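Please walk through this model from its overall fold down to single side chains. Keep the sequence and the coordinates in view while reading.

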Amino acid sequence: MSGTAVAVAAGAIHLGYSGWAVTGFVVGTLVISQMLYLGLILLMTREESLSRREGSASEAPSDKLIPIHKSQQSGL
């Protein structure tokens, strides 16, 4: 995010924009980058909740347990 802001600032300075315009471009870049990052986090959270919901519906938690017989519990 900061790398993109630096690149935008360098490009705007190279093109001859004023200091306020460069500041506006950098702030706009940071705002857009932050919104895209938030969107990515929301998509990953949604996908994770869907996969957890599918996983819990397809198999019960007891399906993952290894059965222990009485001889194994007593050490015999």
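Predicted model: local features only at pLDDT ≥ 70, side-chain atom pairs only at ≥ 80, totals over all residues.

The chain has 3 helices and 0 strands. Read along the sequence, the pattern is α-α-α. The chain counts 76 residues, and 9% of them are buried. Its accessible surface comes to about 6600 Å². Carbon and sulfur atoms hold 67% of that area.

Start with helix H1, which covers 2–14.

Now look at the faces of H1. Which residues of H1 are buried? They are Ala-5, Ala-9 and Ala-12. These three cover an arc of only 70° around the axis, so they sit on the same side of H1. After H1 comes Gly-16, whose phi is positive, near 90°.

Next comes the core. The largest nonpolar core has 5 residues: Ala-5, Ala-9, Ala-12, Val-22 and Val-26. Helix H1 and helix H2 (19–58) are the elements that each give two or more residues to this core. H1 provides the largest share, 3 residues. In soluble globular proteins, nonpolar side chains tend to be buried together.

Val-22 lies in helix H2. Its relative accessible area is 11%, and buried means under 20%, so Val-22 counts as buried. Which residues does Val-22 touch, not counting those up to four places away in sequence? The contacts are Ala-9, Ala-12, Ile-13 and Tyr-17. Ala-9 and Ala-12 are also among the buried residues of H1. The C-alpha atoms of Val-22 and Ala-5 are separated by 9.9 Å. Along the chain, Val-22 and Ala-5 are 17 residues apart. Val-26 is another member of the core. With residues up to four places away in sequence left out, Val-26 touches Ala-5 and Ala-9.

Thr-29 also lies in helix H2. Is Thr-29 buried or exposed? Its relative accessibility is 14%, and the cut-off for buried is under 20%, so Thr-29 counts as buried. Leaving aside neighbours within four places in sequence, Thr-29 is in contact with Thr-4, Ala-5 and Val-8. A search of the whole structure finds 1 aromatic pair. The rings of Tyr-17 and Phe-25 have their centres 5.1 Å apart and their planes at 80°, so the pair is edge-to-face. How exposed are its two members? Tyr-17 is partly exposed, with a relative accessible area of 42%. Phe-25 is partly exposed as well, at 36% relative accessibility.

Notes
Residues numbered from 1 in each chain as written. Heavy atoms only, no water. Core = buried A, V, L, I, M, F, W, Y, C linked by side-chain atoms within 4.5 Å. Buried < 20%, exposed > 50% of the residue type's maximum accessible area, 1.4 Å probe, protein only. Helix = DSSP H or I, 4+ residues; strand = E, 2+ residues; numbered from the N terminus. Contact = heavy atoms within 4.5 Å. Areas by Shrake-Rupley, 256 points an atom, 1.4 Å probe, with all protein chains shown as cover. Phe/Tyr/Trp six-rings, centres within 6.5 Å; stacked < 30°, edge-to-face > 60°. Arc of directions from axis to C-beta.
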